[in-house]
Amino acid sequence: QSIKKQLVHALTNAGDGYISGQYLAEIAGCSRTAVWKHIDALRKEGFEIEAVKKKGYRILPRKDRLTETEILIGLKTDFIGRSIHAYESVPTTQTIASELAAKGAENGTLVISEEQTEGKGRLQRVWHSPHQGGLWMSLIVKPDIPPYQAPRLTLLTAVAAVLAMREMGVEAGIKWPNDVLVNGKKIAGILTELHAESDQIHSVVIGIGINVNQQPEDFSTDIKSIATSLAIEKGENLDRVIFLQSFLAKFEDLYVTFLAEGFSPIKEQWERYSITIGKRVTATTAQKSLTGYARGINEDGALVVKDEHTNEEQLIYSGDITIHHM
Ligand code: BTX
C-alpha cells in the first residue's frame, strides 16, 4: 500500500513528464521488478499509466472516474447518492445494495461499479455492463409507502433518466414499463427489487443501467441492433460523473415530490415522455397476450390497454409490449 502511494505521488508530481523505473525504484526503496508489479496493480485499479522504453512511466490525468470523491464534488442532492459505495468490478450492484440495505444502509445510498460481470435485467435476463462505457448503479431508498405502490418508483426512475438525457440534448422516451429508448433503441434499463414484510417496505433497491460512452462496436452481437448510447446519439463522449450528478438530482426532486404530493405529478410526466401511450400495442404477460390501444397508465403504473377483440379495457401489470407503428 505505501509503495503504491509513493509511486502515485511521484508520478503525479512529474506532471506530463516521464519518470524512469530506476528512479521510481529508488524513491520507493524497492526493486524495479517490484515497481513494475505495483504499476500493474495500479492499472488494475483504473489508473492509466503509460510505459515508454528508455523514458519510463507517465501517469495520465484521472478523469471521468466513478469514485466517491469525484461523484460527491458538485453533487446537488440532500440525501440521494450522499453515501456511496463505488467499485471497479462486481458481479452485480443489485446484490451488494440488497446486502447493504439488510444491514441498515441509509436512505439514498448509491452502489456503483465501473463494470458488472453478472449484470441482471428483468426475468433472469442479462444486462451487458462493460468497463468504462456506462453507469451501472443501484439506489437504496426507504419510502414510507405501501408495498403495492413500489412499481411507481420504476416509473419515477424512468422519468428521471429521461429528464437527465434531455438536459444533455438527447431526446429519450419511455416504453412501458421501464425501457428508456432513443430512436427506437434501448439506452437504459431499470430493475426494481422490493424488500418488504407483509404491509411494510423495508427498502427498495432500484437498479439503473445507462449506456453512456459505448460505440456501436462495443455492443455484443445480440444487442447491437437494439442498443444505443448517449455518445452514439450525441456524436461525442459525455462526462459520466456530470451526467450521473444530474440524474441523481432529478431523481431526488421527483422522489420528494412523489412522497409529498402523490403519484399524479409523476404520472403526468411519465405520460408526457411515453412513446407507448396512444399507440396500438401487443402486450405479452405470463398469462396472456392481447392487442389493442394503449390509453395510459393508472395510479399503480399498470398499462391500460383497450383490447381490440373484446373492446374492454385491460390492465397490464407486468410483461413486455410491442408497439405497432401504423
Ligand atoms: P430488461 O429485462 O428490460 O432488459 C434486458 C434486455 O435488454 C436483454 O435481454 C437484452 O436484450 C437487452 N440489453 C442487455 N444489456 C443491454 C445494454 N447494455 N443496453 C441495451 N440493451 C441491453 C432492464 O432489464 C433492467 C436492467 C437493469 C440494469 C441495472 S445496471 C445496475 C443494476 N445491477 C444489475 O445487475 N442490474 C441493474
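Student: Is asparagine 298 buried or exposed?

Tutor: This is a predicted model, and each value is computed from it. Buried means a relative accessible area under 20%. Asparagine 298 has 18%, so the residue counts as buried.

Student: Where is asparagine 298 placed?

Tutor: Asparagine 298 is in the loop between β11 (289-297) and β12 (303-307).

Student: Which residues is asparagine 298 in contact with, leaving aside its neighbours within four places in sequence?

Tutor: With those neighbours left aside, the contacts of asparagine 298 are Phe263, Lys267, Val304, Leu315 and Tyr317.

Student: Which residues of strand β14 are on the covered face, and which on the uncovered one?

Tutor: Strand β14 covers residues 320-324. Ile321 and Ile323 make up the covered face, while Asp320, Thr322 and His324 make up the uncovered one.

Student: How do I read the pairing of a strand?

Tutor: Start from the general idea. Strands of a sheet pair through backbone hydrogen bonds, and the pairing is either parallel or antiparallel. Here, β14 pairs with strand β10 (residues 280-284) in the antiparallel sense, over five bridges. Within β14, threonine 322 stands opposite threonine 282, and aspartate 320 is the bridge partner of threonine 284.

Student: Which sheet holds β10 and β14, and in what order do its strands come?

Tutor: Five strands form an open sheet with antiparallel pairing, in the order β13-β12-β11-β10-β14. At its edges are β13 (313-316) and β14, each of which pairs on one side only. From one strand to the next, the twist averages 45 degrees.

Student: What is the order of the strands in the sheet of seven?

Tutor: That open sheet runs β3-β4-β5-β9-β8-β7-β6, and its pairing is mixed. β3 (84-87) and β6 (173-175) are the edge strands; each has a single partner strand, so one side of each has no neighbour in the sheet. Direction ignored, neighbouring strands of this sheet are turned by 20 degrees against each other on average. One of its pairs is β5 (residues 134-141) with β9 (residues 200-211), antiparallel and joined by eight bridges. In that pair, glycine 134 stands opposite asparagine 211 in β9.

Student: How should I read a nonpolar core, and which residues touch the most other members of the largest one?

Tutor: Look for buried nonpolar residues whose side chains link up into one set. The largest nonpolar core has 65 residues, and Met165, Ile210 and Phe251 touch the most other members. Helix α6 (residues 151-167) supplies the largest share of this core, eleven residues. At least three residues come from each of domain 2 (68-273) and domain 3 (280-324).

Student: Which residues is phenylalanine 251 in contact with?

Tutor: Leaving aside neighbours within four places in sequence, phenylalanine 251 is in contact with Ile80, Leu139, Val141, Leu156, Thr157, Ala160 and Ile206. There is also a second, separate core of 16 residues, with Val8, Val35, Phe47 and Tyr57 among them.

Student: How is the protein divided into domains?

Tutor: The assignment gives domain 1 (2-59), domain 2 (68-273) and domain 3 (280-324). Between the C-alpha centres of domain 1 and domain 3 there are 59 Å.

Student: What do the figures for the whole protein say?

Tutor: Its secondary structure comes to nine helices and 14 strands. The C-alpha trace spans about 80 × 40 × 30 Å along its principal axes. Of the 326 residues, 50% count as buried. The protein exposes about 16000 Å², of which carbon and sulfur atoms supply 49%.

Student: How much of the contacts joins residues 24 or more positions apart?

Tutor: Among contacts in the protein with a separation of 6 or more, residues 24 or more positions apart account for 61%.

Conventions. Residues numbered from 1 in each chain as written. Predicted model: local features only at pLDDT ≥ 70, side-chain atom pairs only at ≥ 80, totals over all residues. Heavy atoms only, no water. Core = buried A, V, L, I, M, F, W, Y, C linked by side-chain atoms within 4.5 Å. Buried < 20%, exposed > 50% of the residue type's maximum accessible area, 1.4 Å probe, protein only. Helix = DSSP H or I, 4+ residues; strand = E, 2+ residues; numbered from the N terminus. Domains from an automatic or database assignment. Contact = heavy atoms within 4.5 Å. Pairing = 2+ DSSP bridges. Axes fitted to C-alpha atoms, helices over the stretch in contact; angles between N-to-C directions. Areas by Shrake-Rupley, 256 points an atom, 1.4 Å probe, with all protein chains shown as cover.
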